Structures are given as structure tokens and as C-alpha cells.
Amino acid sequence: MDDLTTLARDEQMMRRCFDVAAHSARDGGYPFAAIVTKKGRTIVEATNRVSQERDVTRHAEAVALTEAQRTLACTSLDDCTLYANVEPCALCSYAIREARIPKVVYGLSSPVMGGHSRWDILGDQLLSSKMPEVFAPPPEIIANFLSDEADSAFRRAAPMAWAYVRSRGCFRCGDALDWPWPDPERGRKPRRGGASEKAMRFLRLQLFDRFGRGGAR
């Protein structure tokens, strides 16, 4: 494909990603989506399944990779593209590298959890130089693609979640090249056992896990 055709295809798939993420939010899930394509053909559309399946590993990208491998009957997705409305986290980025995805396109960046902007797993050269039998070279990464649209779509789909993550600086629009942000917490030892930590643990178990992740155990 020429550059204009590729750009148009990327825009189409990313906007489809926004729609899939919105459907996820309306169904009671988290507003995250991932799409895997092969030579311009959609193989899988996936959403975050953490809440529904009570499994913290079921991020949209991980679900998409699993389903794409099943559909194609192959663990290597070396002729596929992955689209995500939000930057893949470290967990998903490692899986993307092992699946040998050659191109990753994402909308909002994640300076707190991102597998590209915070921990550059997606762009890491050591994986493929030391273990070329397992890891392909780093994928082409198109970061912050339609990021303003991604932000607006996230806000419409899940306004409370949007306000929360924005207030914590978890996601960001715009150019990722000025990252990582200075982290005032880096180097501090976590304080455990105090009243504030006990209160936070209670909130995690009784509120976030119970209502956001499908029920506490």
C-alpha cells in the first residue's frame, strides 16, 4: 500500500477501536479495545475482559493476541498490525513482542503504565538481538495516533473513569517524545502497615475490586 492508503487504513481501524471501546463501556466493562489486522483484513476485535472474567491478565491487547493466534492457528503474528485506543501496558507489550507483531498503533499514551513511553518494551532491541529465534526486531510504533479523538472518545464512553485517569496523569494526548515525565515518587520507599495503607486496601477490596473487577473474594 502507498502511504496515503496506509494512513487511511490506520485511521479507519483506530476509529473502529474507539467504537469497540465504547461498546465495552456500555456493556459494563472497561473502555479499552484492541484490533488485530492482517494485510488490511480484520482478524480480531477485542475488549478488556478483566471485569467480566475476574482475571487481571485479560487486557484488550492480550485477549486480541490470544484470539488472533487461535484464528490463524499460529503463535507468530509477524504479518499483522495491532491497534489499541490506549498504549499497551508492560504486560501486553511483552506479549506483543513475543507474538512478533511488526506494527503497533495506539491513541492515548500512558506515562504511568505504558510499555512504550514508561518502560520501552516495545522498542527494546536487546530482546531480539539476544534471542532472535524468539523475538523479531522491534515493531514499527505509531504513538499518539488520533490522540485528541482517542481522548474525546474515552471521555464520552466513560466520563468518570476518564476524570479519574486524567486527574492522576495516567493517560496523555500529544507527542510522547518529551517523556518520561519527572516522577516525584521515584526512589521513595513505600510505606506499609499504616492507617492510610489499611484504608486504601479496604477501598481496593470493597469498592474497586468488588464493583470494578467483578467482585471481591
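**View 1. Helix α1 passes helix α6 in a right-handed crossing.** A crossing is right-handed if the near helix is turned clockwise from the far one by less than a right angle, and left-handed if anticlockwise. Helices here are DSSP runs of H or I with at least four residues, strands are runs of E with at least two, and both are numbered from the N terminus. This is a predicted model, in which local features need pLDDT of at least 70 and side-chain atom pairs count only at pLDDT 80 or more, while totals for chains, interfaces and linings use all residues. Residues are numbered from 1 along each chain as its sequence is written, and side-chain values use heavy atoms, with hydrogens and water left out.

Two packed helices are described by the angle between their axes and the distance between the axes. For α1 (residues 3-26) and α6 (residues 147-157), the angle is about 15° and the axes are 9 Å apart. That makes α1 roughly parallel to α6. Axes are lines fitted to C-alpha atoms, for helices over the stretch in contact, and angles run from 0 to 180 degrees between N-to-C directions. Angles under 35 degrees count as roughly parallel, over 145 as roughly antiparallel, 65 to 115 as roughly perpendicular and the rest as oblique. On the α1 side, the contact (heavy atoms within 4.5 Å) is made by Arg 15, Phe 18, Ala 22 and Ala 25. Glu 149, Ala 150, Ala 153 and Ala 157 make it on the α6 side. By class, this contact of α1 with α6 has six nonpolar, no polar and two charged residues. Ala, Val, Leu, Ile, Met, Phe, Trp, Tyr, Cys and Pro count as nonpolar, Asp, Glu, Lys and Arg as charged, and the others, Gly among them, as polar.

**View 2. Helix α6 packs against helix α7 (159-167).** The angle between α6 and α7 is about 125°, and their axes are 5 Å apart. That makes α6 oblique to α7. From α6, the contact takes in Asp 151, Phe 154, Arg 155, Arg 156 and Ala 157. From α7 come Pro 159, Ala 161, Trp 162, Val 165 and Arg 166. The residues of this contact of α6 with α7 divide into six nonpolar, no polar and four charged.

**View 3. The buried residues of α6 line one face of the helix.** Ser 147, Ala 150, Asp 151, Ala 153 and Phe 154 are buried (under 20% relative accessible area; exposed is over 50%, partly exposed in between, with a 1.4 Å probe and protein chains only). Seen down the axis of α6, they fall within an arc of 165°, so they line one face. The arc is that of the directions from the helix axis to the C-beta atoms. Asp 148 and Arg 156, on the other side of α6, are exposed. The cover over the buried residues includes α1, β3, β4 (103-108) and α7. Ser 147 has a relative accessible area of 7%. Not counting residues up to four places away in sequence, Ser 147 touches Gly 107, Leu 108, Cys 173 and Gly 174.

**View 4. Ala 73 has a positive phi of about 55°.** Most residues other than glycine have a negative phi. Ala 73 is in the loop between α3 and β3, and counts as exposed at 70% relative accessibility.
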